[in-house]
Every structure is written in C-alpha cells, then in structure tokens.
Amino acid sequence: MSAVAGRRRVPVWLGIGVVVLAAVGGGSAWLLRDEHPFGDARACAGSDLKLPGVITAGGATIPTDASDVHYYTHNGSAQVTFTSGLIPDYLRRAGIVPEGKELFDKKYGEPAVDDDELALPDGLCGSSLREAAWAYHSTAANGTGVAVTVEQSTLVPGAFRFPARVVVGYTTP
C-alpha cells in the first residue's frame, strides 16, 4: 500500500508545482505589463494619439539630445516634456525667439511662477520643473500656437539650467 500512496503523491506534488508556477508567472506578467498607451514608453496614461518616433513640438523637432521624454495627447492638443542642453537652438528653430534676439527678452516670454517645483500640466507624466522657469507663448514656425516653459539656472542669471527640463504645449497636426 505504501507503493500506491507514493504514486498518488506524485500527481498531488505535480499539481501543486503547476499552481505555484502559474502564480509566479502571472504575478511576473502583472508586474511587467505595459501600461503605456500604444506600447510607447513616452506616452502618458490617457493619451489618445500616438506621436511619431521623432517628435515635432511646436513646429520644430525636439533636440537630438532630448532625454526623459514624455507626452500626453488629448482632443487635438499635445504636451511634451523632455530634458535637453540645446534649448536655445530649439527655441530659434521653432520660431519662438527670432535669431539674434535675447532669449530672456520680455517681448517673447516672461518669468513663470518662482516655486521650488512647477507642476506639469494635467495628464502629463514625468518629472516636474524645478525652481525658476521662463515661459514663452508664441506662434511657432508652422503657424500654430505654442507654449514653452523652460527651467532657468539658479546659479547663472539670464541662463537656462543645463540640461534644462522643458514643457511644450501645442496643437497636434
């Protein structure tokens, strides 16, 4: 009878092993699931339009060194945030600040709220802007309205943080 009891234990242990493996596999799949819309790690939850691999924000492609890129799209508008050291070039290519003009000329922008952190627009995920920032509200090179907020340096007056976090809001084409 002990031989029969030993044979019955094998299917029981096998069943327990299958249940444990299924639980571990299911738990792992749940932890590793992709919650980003469109399978795009840059897209924030709730986005309703996928942006292309190379994002054109406000009439110009975002800088080639852009990192920590996130976007939120909703009802034809887009908010994009990224970090870059090439912000002056981006602002000029987008037509927000004309070539040869001062980046901090109040004709093109204004100081944003001077808090420890500036909240991102609703729906936009990623890191918030730190400390002082400069806000531009303009018509971009492609003729659409664009709003750009850029972190300012806390050490060098009249300069951007390097690299600076940027938030660009615009209408999607």
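**Entry 1: the model.** I am working from a predicted model.

**Entry 2: strand β10.** I looked up β10, residues 164-171, and checked burial along the strand. Seven of its eight residues are buried, so the rest of the structure largely encloses this strand. I then looked for its partners. Strand β4, residues 77-84, pairs with β10 in the antiparallel sense over eight bridges. In that pairing alanine 78 stands opposite tyrosine 170 of β10. Strand β9, residues 145-151, also pairs with β10 in the antiparallel sense, over five bridges. Here alanine 147 stands opposite glycine 169 of β10.

**Entry 3: salt bridges.** I counted five salt bridges and followed up some of them. One joins the side chains of aspartate 89 and arginine 93, at 2.9 Å from N to O. The two residues are four apart in helix α2 (residues 87-93), so about one helical turn separates them. Aspartate 89 is partly exposed at 40% relative accessibility, and arginine 93 is partly exposed at 33%.

**Entry 4: glutamate 151.** Which residues are linked with Glu151 in a network of salt bridges? I found Arg130 and Arg161. Glutamate 151 and arginine 130 have their closest N and O atoms 3.3 Å apart. This pair links distant parts of the chain, with glutamate 151 in strand β9 and arginine 130 in strand β7, 21 residues apart. Glutamate 151 is buried, at 1% relative accessible area, whereas arginine 130 is partly exposed, at 40%. The salt bridge between glutamate 151 and arginine 161 is 3.4 Å, N to O. Arginine 161 lies in the loop between β9 and β10, ten residues from glutamate 151. Both glutamate 151 and arginine 161 are buried.

How values were computed:
Residues are numbered from 1 along each chain as its sequence is written. This is a predicted model: local features need pLDDT of at least 70, side-chain atom pairs count only at pLDDT 80 or more; totals for chains, interfaces and linings use all residues. Side-chain values use heavy atoms; hydrogens and water are left out. Buried means under 20% relative accessible area, exposed over 50%, partly exposed in between (1.4 Å probe, protein chains only). Two strands pair if DSSP finds at least two bridges between them. A salt bridge is a side-chain nitrogen of Lys or Arg within 4 Å of a carboxyl oxygen of Asp or Glu.
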